[in-house]
Amino acid sequence: MRICILGLGYIGLPTALLFAAHGADVVGVDVKQNLVDCLNQGTLPFSEPGIEDLYRDARERFVAKTEPEAADVFLIAVPTPLDAATKVSNLSYVKNAADMIAPRLAGGNLVILESTVPPGTSERVVIPRLEKSGVVVGDFQYAHCPERAIPGRTLQEMTTNTRIIGGYDRDSAERAASIYRTFVTGQIYRTDTRTAEFVKLMENTSRDVSIALANEFAQLAEECGINVWKAITLANKHPRVSILNPGPGVGGHCIAIDPWFLTENSTRCKMVSTAREINDSMPNYVLHAVRSLLAGVRNPTISIFGVAYKGNIGDTRESPALKLIQLAENEGYAVRCHDPHVGEFPYPLMNAKDATVGSDCLVVLADHNCFCTVEPADLQMRTKFVVDTRNILDHEKWTKQGFIVRVLGDGSP
Ligand code: SAJ
């Protein structure tokens, strides 16, 4: 089987390597020439547990190119960004991928869309573009199979998670299922394309709303002088309650974006957009906590630990750190950043010592495990304030070293 995978990002590349390592001949396609060159020379563009070993297993059957080639199966895994100004999905990469496939499409081919899209996109946008080939759907097969793997555990989850396959027709769903079966050990559920598109968006929206609720609880708990972390632990003892963790906001390329895909055509829904607003406002709330600690400190400097959007990964897309840094700089603070997991970031990254020497407040944003073992005695800060937005530090240890520790939602006055 020959598979042509368009988009070699966080989803497309691992998917391509998994197919190749399980016996398919894979052409990975990306418009970025330097990414294609690097991959063909053996350099991976990002790290994920297990991906280097997988790449070694896949290499014989994987080649990267900038143009698609004729294949039995085409798989689209390109980004679907959100237009920040309009909060409407930008489908240009998906359209472009379909347009690139069309001239190579033949009867009997299967096209799979993995990219997350608003409901109806397969029928209204992707299939009509593919049909410009002169081959009509039915003569080629089509399925939407949204990816569900979590960054940091991508390979494991791509293999073991359940998959939803939305087939244009029964044959399309069966064929797509049999292809994923080459490496997926989780259950495979079949449905239609529009339902599959909707299900994917519901999943991420549900998580966004749950996090927003935790963030709202954190703010309410503070107003009541209650520690939200202790309260959540107790509430979660209930057999049917499972509250998530508050934090500095929701980042990443999925949960911070996908809910808008669900509501972009709706005139009446409120909860989804309210949750988005709550989560987007969390950096403001964190800054508020920093500001109350730093009142009276002249020319304050703050040190941000963890600019990745979440713990133990190096991905900074839509990270709450970006907004917090901008807000803090606009407030007149000098901001220094430290993140051992992140390679590239719009602001300079420093080691822990340089980021904290002479600083007035340490703000822990991403819950990297390595931050739990930072020794407060090693830090030479001017003013010993800490804002722990993830409740991950050993607060007793920090307090013993003279730090005033403020945990997001801890109810302290
Ligand atoms: N977060 C909290 N509190 C929590 C959990 C998460 O503040 O209790 C924050 C994280 O710090 C992060 C954001 O939410 O900033 C999102 O992180 P995440 O770990 O919840 O999810 P993602 O964005 O890394 O991956 C999600 C996953 N979706 C679901 O769990 C429903 C993953 O399965 C999807 O494949 C992925 O989106 C995607 O690509 O759509």
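Student: Which residue stands opposite Val111 in strand 7?

Tutor: Strands of a sheet pair through backbone hydrogen bonds, either parallel or antiparallel. Here Phe74 stands opposite Val111 in strand 7, where strands are DSSP runs of E of at least two residues and helices are runs of H or I of at least four, numbered from the N terminus. Strand 4 (residues 73-76) and strand 7 are joined in the parallel sense over 4 bridges, and two strands count as paired if DSSP finds at least two bridges between them. This is a predicted model, in which local features need pLDDT of at least 70 and side-chain atom pairs count only at pLDDT 80 or more, while totals for chains, interfaces and linings use all residues. Residues are numbered from 1 along each chain as its sequence is written.

Student: Which way do the residues of strand 7 point, and are they buried or exposed?

Tutor: A residue is buried if 20 or more other C-beta atoms, placed from the backbone, lie within 10 Å of its own, exposed if 12 or fewer do, and partly exposed in between. In strand 7 (residues 110-113), Leu110 and Ile112 point one way and Val111 and Leu113 the other way, and all are buried.

Student: What joins strand 7 to strand 8?

Tutor: Strand 7 and strand 8 (residues 141-144) run parallel and are joined by 4 bridges, with Ala143 of strand 8 as the bridge partner of Ile112. Together with helix 5 (residues 121-131), the two strands make a right-handed β-α-β unit, right-handed meaning that, with the strands pointing away from the viewer, the path from the first strand over the helix to the second runs clockwise.

Student: In what order do the strands of the open sheet of 8 strands lie?

Tutor: The order is 3-2-1-4-7-8-9-10, and the pairing is mixed. Strand 3 (62-65) and strand 10 (188-192) are the edge strands, each pairing on one side only. Within this sheet, strand 1 (residues 2-6) and strand 2 (residues 25-29) run parallel over 5 bridges, and Cys4 has Val27 of strand 2 as its bridge partner.

Student: What is the order in the open sheet of 5 strands, and how are the strands paired?

Tutor: That sheet has the order 12-11-13-14-15, with parallel pairing. Strand 12 (334-338) and strand 15 (404-407) each have a single partner strand, so one side of each is left without a neighbour in the sheet. Strand 14 (residues 385-388) pairs with strand 15 over 4 bridges in the parallel sense, and Val387 stands opposite Arg406 in strand 15.
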